[in-house]
Amino acid sequence: MRAVLDSSAILALIWQETGCDIVASHLVDAMVSTVNLAEVYAKCQERGIDLDAARSLLANLQLTVVAYDEPQAFVTGGLRAQTVRAGL
């Protein structure tokens with residue numbers, strides 16, 4: 001089964017935070033959306049990492065980058081009612 005990583009998972013891996021070992025175990029054939037990738041680049045820049053260096057770092061992870069399009073945004077928006085009830 002392929003893992004879909006969000007920005008917090010990738011950042012935990014980069015910064016070696018709690019749970020990074022779990023993220024590392026799912027890197028084979030993992031995916032990330034362009035929206036989450038943009039957030040990772042922004043957070044790297046906030047921490048003083050040059051964008052080219054961040055790109056190189058992320059390229060080494062060999063993640064499949066998936067475009068985030070309108071149909072996906074629609075489905076994601078529809079999940080809000082469920083996630084609020086779950087406290088997310």
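Biologist: In this predicted model, which helix holds F74?
Modeller: F74 is found in helix α5, which spans residues 70-78.

Biologist: Why is F74 called exposed?
Modeller: Its relative accessible area is 64%, and exposed means over 50%, so F74 is exposed.

Biologist: What makes the nonpolar surface patch that includes F74?
Modeller: F74, V75 and L79 make the patch, with an area of about 320 Å². Members of a patch need over 30% relative accessible area; F74, at 64%, is therefore above that cut-off.

Biologist: Why is Q16 called exposed?
Modeller: The value for Q16 is 57%. The cut-off for exposed is over 50%, so Q16 counts as exposed. Q16 lies in the loop between α1 (7-14) and α2 (20-24), and has a positive phi of about 60° although it is not a glycine.

Biologist: Why is D29 called partly exposed?
Modeller: D29 has a relative accessible area of 44%. Partly exposed lies between the 20% limit for buried and the 50% limit for exposed, so D29 is partly exposed. D29 is found in the loop between α2 and β2 (31-33). Its phi is positive too, about 65°, although D29 is not a glycine.

Biologist: How do you know that R47 lies over the face of W15?
Modeller: R47 is 4.2 Å from the ring centre of W15. The distance limit is within 6 Å, and the charge must also be within 35 degrees of the ring normal. R47 is listed as lying over the face of W15, so both conditions hold.

Biologist: How many aromatic pairs does the whole structure have?
Modeller: A search of the whole structure finds 0.

Note on methods:
Residues are numbered from 1 along each chain as its sequence is written. This is a predicted model: local features need pLDDT of at least 70, side-chain atom pairs count only at pLDDT 80 or more; totals for chains, interfaces and linings use all residues. Side-chain values use heavy atoms; hydrogens and water are left out. Helices (H or I, at least four residues) and strands (E, at least two) are DSSP runs, numbered from the N terminus. Buried means under 20% relative accessible area, exposed over 50%, partly exposed in between (1.4 Å probe, protein chains only). Rings of Phe, Tyr and Trp (its six-membered ring) pair if their centres lie within 6.5 Å; planes under 30 degrees apart count as stacked, over 60 as edge-to-face and the rest as tilted. Patches are made of residues with over 30% relative accessible area and no salt bridge: like charges are joined within 9 Å, nonpolar side chains (Val, Leu, Ile, Met, Phe, Trp, Tyr) within 5 Å. Accessible areas come from the Shrake-Rupley method with a 1.4 Å probe; for residues, only the protein chains shown count as cover. A salt bridge is a side-chain nitrogen of Lys or Arg within 4 Å of a carboxyl oxygen of Asp or Glu.
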